[in-house]
Amino acid sequence: VKITSVYLGPAGVGIMSQLQYLINLLQGGLIAGLRNAVVKRTAELKDEPDRRAVVVSTILKASIAVSLVMALLVAMGSGWLAREVLHDSSHRIAVILFAATYVFGLIGAVMLHCANGARDYKSSTVIPIVRGVANVLLFVVLCPWLGVLGGLLATALMPAVQWLIGLVVARGKAWWPQNMWDQVFDRPEARAAAAFIPAAAIGAITLPLVQILLRDQVGQTSGLAAVGLIQGVTRLSAVFINLFAGVGGMYF
């Protein structure tokens, strides 16, 4: 919060917040649904490692297929998204970079959910901690160097960072299929996992959509600096809330 405020200014923070909510909007529904499906099935199959490998592999393959289509659509519409959401077509490169990391962010999320479902609390704690440190380093390097564009690029790279950290942590773990592509594709499991998505997607999509529309309206009437001020208050509030909600959510 402090780094982006100093180096990007209120308007820069406002633009960066729009990209973050766009990422949440485009990924949120899929990731939220998969979280429930993966945690549930991984926990249920804790004593059946072979079956668990098939289920995780199936969910991951289906998710990758869907996310590749989404990534292609985002890349194709990057100019329009940059103009309408970020209010500057020159920021298209950040949207394209996010499209390139879309699949990796999804895989990283599945890794984290597998660790949670398997009750590997060390891994499910280490991944977000290291991810947070790595994200801070991205902003420390890119914001002073490239300004607003650096903040946007750091935001777009965050899904890839989670994947890279998850890959290191999951290597050799029993809950992660080491030979994922050799597993059969279980259609009933894929359909069961897909059934979790609609309900989870409602909240995961509507919340960032409302935030984007709200900030867009404020930006049109009061300027992007006002959007940045709103985002600053929101981020500080989220820090205090997530301190308790994050721990409680992991426990439950």
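Which residues touch the most other members in the largest nonpolar core? Out of 58 residues there, they're Leu-19, Leu-60, Ile-107, Val-110, Cys-114 and Trp-176. By nonpolar core I mean buried Ala, Val, Leu, Ile, Met, Phe, Trp, Tyr and Cys joined through side-chain atoms within 4.5 Å, with buried being under 20% relative accessible area, exposed over 50% and partly exposed in between, for a 1.4 Å probe and protein chains only.

Quick caveats: this is a predicted model, where local features need pLDDT of at least 70, side-chain atom pairs count only at pLDDT 80 or more, and totals for chains, interfaces and linings use all residues. Numbering runs from 1 along each chain as its sequence is written, and side-chain values use heavy atoms, leaving out hydrogens and water.

The elements giving two or more residues to that core are helix H1 (2-44), H2, helix H3 (78-84), H4, helix H5 (121-146) and H6; helices here are DSSP runs (H or I, at least four residues), numbered from the N terminus.

Now take Trp-176. Leaving aside neighbours within four places in sequence, Trp-176 is in contact with Val-56, Leu-60, Ile-107, Val-110, Met-111, Cys-114 and Ala-170, contact being heavy atoms within 4.5 Å.

Then there's Leu-157, which sits in helix H6. Leu-157 counts as partly exposed because its relative accessible area is 25%. Not counting residues up to four places away in sequence, Leu-157 touches Leu-97, Thr-101 and Leu-138. And Ile-212? Leu-157 and Ile-212 are 55 residues apart in sequence, and 20 Å apart in space, C-alpha to C-alpha.
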